[in-house]
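Here is a short note for a colleague who is new to this structure. Please read it with the model open.

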Amino acid sequence: MRMSRLLLPTERQAPADAEALSHKLLVRAGLVRQLGAGLWSWLPAGWRAHEKAVQIVREEIDEIGGQEMLMPVLLPAELWKKSGRYEIDELFKLNDRKGAEMVLAMTHEEAVTTHIAQVVRSYRDLPLILYHFQTKERDEPRPRAGVLRTREFIMKDSYSFDRDPEGLDASYELHRAAYARIFDRTGLDWYEVDSDVGMMGGTGAHEYMAPCPAGENEVALAPGFAANVEIAGADAQPVDLPAPLPQPEPVNTPGATTIDEVSRQLGVPAGALLKAYPVICDDGSSVLVALRGDHRVNDIKLRNALRQGFRPAQPDEVARAIGPPGYLGPVGLGGARVLLDAAVDTSAGWITGANRPDTHLRGVQAGRDFAFTVADVRTVEAGDTVNGHAITIEPAIEIGNIFKLGLRYSEPLGADYLDEHGQQRSVWMGSYGIGPARIVAAAVEQHADENGISWPRALAPYDLELVALGKPDQPERIAAEAAYVELRAAGLDVLFDDRDAGPGEKFKDAELLGLPLRLTLGKRSLDSGRVEAQIRRGLQDVEGGLPLDDLAQSVGELWKTLA
RNA sequence: CGGGGAGUGGCGCAGUCUGGUAGCGCACCCGGCUGGGGGCCGGGCGGUCGCAGGUUCAAAUCCUGUCUCCCCGACCA
């Protein structure tokens, strides 16, 4: 491609409101442009990178037997009412000219399952893996960080359909293997983590994470361990605790309504206190969650432990049912049950709220002084351990996920089949997503330097940039034209900077765009019979350059060695 | 949804407090010079100051309303 003809609007300065590195660089390099909150166009060069990611995904999903198809974005609302997902706030809802209710697909479980329900009759029709690349629409409460979280994006979503749970396991493992190959091929630093199944329901899920500062997810890591902090469990860091007193002993703590204040007044570490977090469950019951004063409740783990949704109790509800906010404790509760976090040592003597103003209790022992059930509901923190190894927590972008859906959609949408005994059974489903745009953004985040983007070879919009120096019509420009023809004939995707611009501008733009290899052909090169070559990653000059004679071959060989 | 910030030419900004009819850098166009790291000189084009209403002789500037965008949090199927 001739750069003089390419729509590549580079900018010296990033948009003032850009925060994330990938946001700044993708805009500056002329790869994407914004049209509204969470609404982005991919300009020609950016789209090439996106489609590189798409093609890698396509090849690997085909390889496990996936069959590519295409389903519409605009769907009848009926399907979503059947599946019970019509009320989701993020779902765009609209009416057609006849007034019929429609939705814009935020994912395609309803659509694909409806087809399967119509088409699959027999166990002989299974298993199946179907997929497509299709636009998803989500009315996000807060789009952010350029293309990292948008309201409209393309997703590869595949769906597996099996006769039984064992079949689902097999399809799931096929996808795990394909995903590993996909992300390896993209050149990203990535890992697979255990994840929450979320409101998708189902029995198992993994997420694929690309670590980078702009990531929205937090991942807990230790040797042999990786989990989204949403569900991560780990051994808490120890705290020195006294033995229980013969019976709980009131202590005066005037005005001490926070952990910090109690800890300060009594001269004990926050971890020696039991924090009380009152919640009201969806079924109307109230639960007092008790955990170490230095720990935080993890809402997702708590929801999973309660097996239902919940909300924090309002202060007036608390005051009415339990005691004054700030002085809550598990001893002497009326109706509420106590859920004790698993990190609380039940042999120790704790300091808890007394459910009376300005008073705490000392020496409280779980079990003796109050009844409880146990669950792991706290948020892990850096320094906690897994198998004796301290964990670290780092931000990451979710670039893919896989879910075992089970019967979540097949039952409401009627996807069933007759087994070999003539028995009607529901189809076991899995769903598997990948966001190519996030792969692209993650690659930018992970590999950029102060000069710009540094594409992994697999995602670069073009294989290399050929920079022609000198005035138009001078011999070095003519030689550059010949090199352009030769390199293309050898099958390389060449971006040819044939613009009438100064060398500095061309070099800066080349570094900003970040193709893996830059060839420079100027008067010097022509005189020496060699072309200068620089590898973008690390801006490494190739010693002595490459011979102008048979340039395509040496470029091709060098190309194979690049990351 | 809660909190914070911002809308002035393609990008980045000043001007707003203290009202007087819009300016700077880059980019862009023309001419010339330069030609290995965003070069130099000269001449130009381009803006309903987000939108609506109000106050005023006069509004980018003051008042009211409204829309949009960004950041933090909540949320994220």
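The points below go through the model feature by feature.

1. Ground rules. This is a predicted model: local features need pLDDT of at least 70, side-chain atom pairs count only at pLDDT 80 or more, and totals for chains, interfaces and linings use all residues. Residues are numbered from 1 along each chain as its sequence is written, chains are lettered from A and ligands numbered from 1 in the order in which they are written, and side-chain values use heavy atoms, with hydrogens and water left out.

2. The largest pocket. It holds about 1400 Å³ of space. A pocket is found on a 1 Å grid over the protein atoms alone, as an open set of points where a 1.4 Å probe fits, with protein on both sides within 12 Å along at least five of seven lines; lining residues have an atom within 4 Å of a point. The volume is the space filled by probe spheres set on the points, which are joined across faces, edges and corners. In the lining of 43 residues, the closest to the centre are Arg 138, Arg 149, Glu 398, Asn 401 and Phe 403.

3. What builds that lining? Strand 8 (152-162), helix 7 (299-306), strand 23 (392-406), strand 26 (428-434) and helix 9 (436-447) each give two or more residues. Strand 23 gives the most, with five. Helices (H or I, at least four residues) and strands (E, at least two) are DSSP runs, numbered from the N terminus. By class, the lining has 18 nonpolar, ten polar and 15 charged residues. Here Ala, Val, Leu, Ile, Met, Phe, Trp, Tyr, Cys and Pro count as nonpolar, Asp, Glu, Lys and Arg as charged, and the others, Gly among them, as polar.

4. The RNA. RNA strand B is surrounded by 40 residues, and the closest are Arg 85, Ile 88, Arg 149, Glu 511 and Glu 532. A residue is near the strand if one of its heavy atoms lies within 4 Å of it. This surface divides into 13 nonpolar, six polar and 21 charged residues. Of the RNA atoms within 4 Å of the protein, 49% belong to sugar or phosphate and the rest to bases.

5. Individual RNA contacts. A polar backbone atom of Gly 504 is 3.3 Å from a sugar or linking oxygen of RNA strand B. For Gly 522, a polar backbone atom lies 3.3 Å from a base oxygen. Strand 1 (32-36), helix 11 (503-513) and helix 12 (523-528) each give two or more residues to the surface near the RNA. Helix 11 gives the most, with seven.

6. The cavity. A search of the whole structure finds one cavity of 30 Å³ or more. A cavity is a set of points where the 1.4 Å probe fits but cannot get out.

7. Five strands form it in the order 16-14-15-17-20, with mixed pairing. Two strands pair if DSSP finds at least two bridges between them. Strand 16 (310-312) and strand 20 (373-375) stand at the edges with a single partner strand each, so one side of each is left without a neighbour in the sheet.

8. Backbone points to check. A cis peptide bond joins Leu 126 and Pro 127, with omega about 0°. Ala 145 has a positive phi, near 55°. Most residues other than glycine have a negative phi, and most peptide bonds are trans.

Conventions: Polar contact = N/O pair within 3.5 Å; in protein donor to acceptor, adjacent residues only side chain to side chain.
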